[in-house]
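Dear colleague,

Please find below the structure that I am handing over to you. My findings follow it.

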Amino acid sequence: MTTTRAGGFSRPPYDSFNLGDHVGDDPEAVRRNRIRLAEVIGLAPSRLVWMEQVHSRTVAVVDGPRPGPVPVTDALVTTVPELALVVVTADCVPVLLSDDEAGVIGAVHAGRVGARIGIVPKTLETMVAAGARPERIGALLGPAAGGGQYEVPEQMRADVEKYLPGSATTTDRGTPGLDLRAGIRRQLEDAGVGAVAVDPRCTISDETLFSHRRGAPTGRLASVIWMERLR
């Protein structure tokens, strides 16, 4: 699942359901928002695992609740039911992965830097090591900056395209752009991932979503994946 801006306690410019604790928002508002998120998905707040996202290629395997965010990492993998993996974004691509048969899930923060250096393939490798198989993995690419709006210098577009083929695009204004979801989708399919779904919403153009490019400072959306415990 992915949240929107609505339904929380944060005041402008973080209004209102900001889940990011690193963007300058009132910590108490963020705490209340995170409790509300846990209530919505039906888990205790302690069962939500957060990351200190830094645009790295680091993947952490988690096997239980954490006292705080997992430090310096941009992807989480677990085999533990009722442990929710959370990625926060405001233009970057949230990638949620699941092999239901093996009972392995992953959550990835894939911004331009992370996608370029291979955070998604590294997460797939970690999931396979935990028992997943690529052809059984389903992927969801959540709301992110769309190719029609994500404008970058030509040199940057060429550089990212070199390492993430399929990501180069032209914006609606006719300028060089990036569609990271298109590049990640190709990357997943080339890795043999069985099913890839893409949320079509663009964070830059959709004002129900947070977007750092549209208006910083701003809040962060949360994309969450978890496994239910078999009763």
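Predicted model: local features only at pLDDT ≥ 70, side-chain atom pairs only at ≥ 80, totals over all residues.

Helix α5 itself covers residues 180-190, and its buried residues are Leu180, Arg181, Gly183, Ile184, Gln187 and Leu188. Viewed down the axis of α5, these buried residues fall within an arc of 160°, so they line one face of the helix.

Helices α3 and α5 pack with their axes 10 Å apart, at an angle of about 35°. From α3, the contact is made by Val120, Pro121 and Leu124; from α5, by Ile184, Gln187 and Leu188, of which Ile184, Gln187 and Leu188 are also among the buried residues of α5. The crossing of α3 past α5 is right-handed.

Six strands make up an open sheet of mixed pairing, in the order β2-β3-β6-β5-β7-β10. At the edges stand β2 (59-61) and β10 (195-198); each has a single partner strand, so one side of each is left without a neighbour in the sheet. From one strand to the next, the twist averages 15°.

The individual pairings are as follows:

- β2 and β3 run parallel and are joined by three bridges; Val61 has Val77 as its bridge partner in β3.
- β3 and β6 are antiparallel, with four bridges between them; Thr78 stands opposite Ile105 of β6.
- β5 (residues 93-99) and β7 (residues 138-141) are antiparallel and are joined by four bridges; Val95 has Leu141 as its bridge partner in β7.

Strand β3 deserves a separate remark. Both of its faces are covered, with Ala75 and Val77 buried on one side and Leu76 and Thr78 buried on the other. In a regular strand the side chains alternate between the two faces of the sheet.

Finally, what lies across β2, β3, β5 and β6? Helix α3 (residues 119-129) does so, running at about 165° to β6. Helix α3 therefore has a place in both parts of this account, since α3 lies across these strands and also packs with α5, where the contact residues of α5 belong to the face described by the 160° arc.

With kind regards

Methods:
Residues numbered from 1 in each chain as written. Heavy atoms only, no water. Buried < 20%, exposed > 50% of the residue type's maximum accessible area, 1.4 Å probe, protein only. Helix = DSSP H or I, 4+ residues; strand = E, 2+ residues; numbered from the N terminus. Arc of directions from axis to C-beta. Pairing = 2+ DSSP bridges. Axes fitted to C-alpha atoms, helices over the stretch in contact; angles between N-to-C directions. Contact = heavy atoms within 4.5 Å. Left-handed = near helix turned anticlockwise from the far one by under 90°.
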